[in-house]
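Please read them with the structure open.

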Amino acid sequence: MAKQAVVIERMAGSKPHKGRKIALEIVTLLLFILFMMPFLIVVLNSMRTNAEIINEPVGLPQNVGQLWTNISDVWNNPNFNFLSALKDSVIITVLSLAVISIFSSMAAWVLVRNKTKWSRFLFMMYVAAMVIPFQVVMFPLITWFKTVGDFIHIPLLRSYQGIIFAYLGFGEAMSIFIFHGFIKGVPLELEEAADIDGCSRAGTFFRIVLPLIQPVFVTVLVLNGLWIWNDYLLPLLLLGSSGTIRTIPLAVQGFNGAYVKQWNLIMVSTLLAMLPIIILYLFAQKYIVQGMVDGSIK
Amino acid sequence: MTSKQKRKLTEALFLLPTLLAFVMVIIIPFIYGIYYSFTNWQGTGAATAWVGLDNYKAIFQEPAFLHSFLVTLLFTVLNVISVNVVAFVISLLVTSEIRGRNVYRAGFFVPNLIGGIVLGLVWQFIFSNILPQIGTAIGSKLLSKSLISNKDTVMATMVIVNTWQYAGYIMLIYVASIQGISKSVLEAAEVDGATYWKRITRIQIPLMANAFTISLFLTLTNSFKMYDVNVALTNGGPTAVFMRKPVQASELLALNIYQTAFKYNNMAQGQAKAVIFFVVLTIFSIIQVSYNKSKEIEA
């Protein structure tokens, strides 16, 4: 009865619906064009000479081939050094994600399965630490990393190992929290069976638990990955703005500071900086969106 | 070694890497950080002496810091409203019956993929080159000069850029929430003659309460901690006058903390500001947790 009513109502109301649908489509399209405008501006101005931009900021490129001239200017510029920055960003992001996801899932599993007051305390401490903002630890962190680095003869400043270790420290609390929530819902029976079959504790984790918690890895990788890839302040403090290791945000900012506003070249540098993550998004869009939504709700 | 000991050892080894990083990266620097804020620490190996509350007294008499604090609160309020309103409107659009919903959803999220430094530079170009030319062409006095170098409009540019960057992310949260509302509820309302507007305000919005809470607190902390867009877009400028002293019109707290330490070489006062920053964020979190608790009881 109710269903029939809906059908009747829909048929009766199909005309105003259609008008509303078109209105909504136009509004959405206009809003979308507005949202995409900055990207269009980047692409168009990457194809122009600096003189063109200064004479007429709003204008179309005279010669699309200028794009290649600009790219090669920026590409080989020692202040930007795109390939080297790309390499450093990839190394730091990939290795940080590897240690964060593996070590956090290991810790979360032990914390869930061990119902002692110690594991409860540790978990509470990780949760509480999530409110600590980077700003309150950043200055002491630099001096402390220097002291420790000198002591163990492994540099923690201006080095890959130092910044990856720091990302583990800053990323693990939220990651353990997310893994913890998921592992609580994993049935214990499988692990008990593995135990009886003589599987070691480590073997149980890597062979039984790890495959079961794969979905939540996506969340942890996406949330940490976007943050680390785009992070500016931690690399600035631990790697320095003129060090040998430079991530993409450091390179873009360094390049921008090195010139008296050569906007065409700055636009090319932002274009190059955007491309890797946008290309990744084209392929992994489903996972990235899923990861962001799950991460925010947990 | 018995199997029980072996098991304990494995578990301890599993906890070790994260615990080590946590202690070395968060706990020890945090304790040092609190301690340094009560000293004349200079960031080097030089001797540090206890100065009690001197740093705190000094920063609360400093116009630049007080101004930065107020500007950060202003930015946070405006930005929370702006991001959530825009995100909510987009989420309604991309969950309506329009064609190409999925493309739009994916597209609106794209700005969120890109870092604040890169976005800040792009928008700096837009505000200082593109808009002034359009402003001149249409004869608008306001737009014909860069909105970034005008102390009265510079905060608006920060809100515009951050809304553009963040709304796509918050939209995803609202979309997930809208999709969780059962279709039959909305259809029943339609049958009962509820208008489009009524269905949104009386049914969708109340059922999305949880998503609103999440989004509000996410944007709240995100806005309060804003740093990289600030650096790349305005770098704190232009100059304004506050308490009869020159201050930076758009210098948010995170940038003010950094500049105190590295531009003005006052590590101890920078650290004291960071501790205040931490205290405010902790208050936000306590409010959030107690709010969520009270809602759980209601439900």
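Predicted model: local features only at pLDDT ≥ 70, side-chain atom pairs only at ≥ 80, totals over all residues.

1. Look at helix H5 (residues 82-113) and helix H8 (residues 160-183) of chain A, whose axes come within 7 Å and cross at roughly 40°. H5(A) is therefore oblique to H8(A). The crossing of H5(A) past H8(A) is right-handed. The contact is made by 19 nonpolar residues, seven polar ones and one charged residue.

2. Helix H13 of chain A, residues 248-258, is mostly covered, with eight of its 11 residues buried. Among them are Ile248(A), Leu250(A), Val252(A) and Phe255(A), and the buried set also includes Gln253(A) and Asn256(A).

3. Most residues other than glycine have a negative phi, and most peptide bonds are trans. The residues in the next two points are worth checking on that account.

4. The loop between helix H7 (134-152) and H8 of chain A holds His153(A). Its phi is positive, about 60°, although His153(A) is not a glycine. His153(A) counts as exposed because it has 6 C-beta neighbours inside 10 Å. Arg158(A) lies in the loop between H7 and H8 of chain A as well, and has a positive phi of about 55°. With 15 other C-beta atoms within 10 Å, Arg158(A) is partly exposed.

5. In chain B, Gly237(B) and Pro238(B) are joined by a cis peptide bond, with omega about -10°. Pro238(B) sits in the loop between helix H11 (228-233) and strand E1 (239-242) of chain B.

Notes:
Residues numbered from 1 in each chain as written. Chains lettered and ligands numbered in written order. Buried ≥ 20, exposed ≤ 12 C-beta atoms within 10 Å, placed from the backbone. Helix = DSSP H or I, 4+ residues; strand = E, 2+ residues; numbered from the N terminus. Axes fitted to C-alpha atoms, helices over the stretch in contact; angles between N-to-C directions. Parallel < 35°, antiparallel > 145°, perpendicular 65-115°, else oblique. Left-handed = near helix turned anticlockwise from the far one by under 90°. Nonpolar A, V, L, I, M, F, W, Y, C, P; charged D, E, K, R; others polar.
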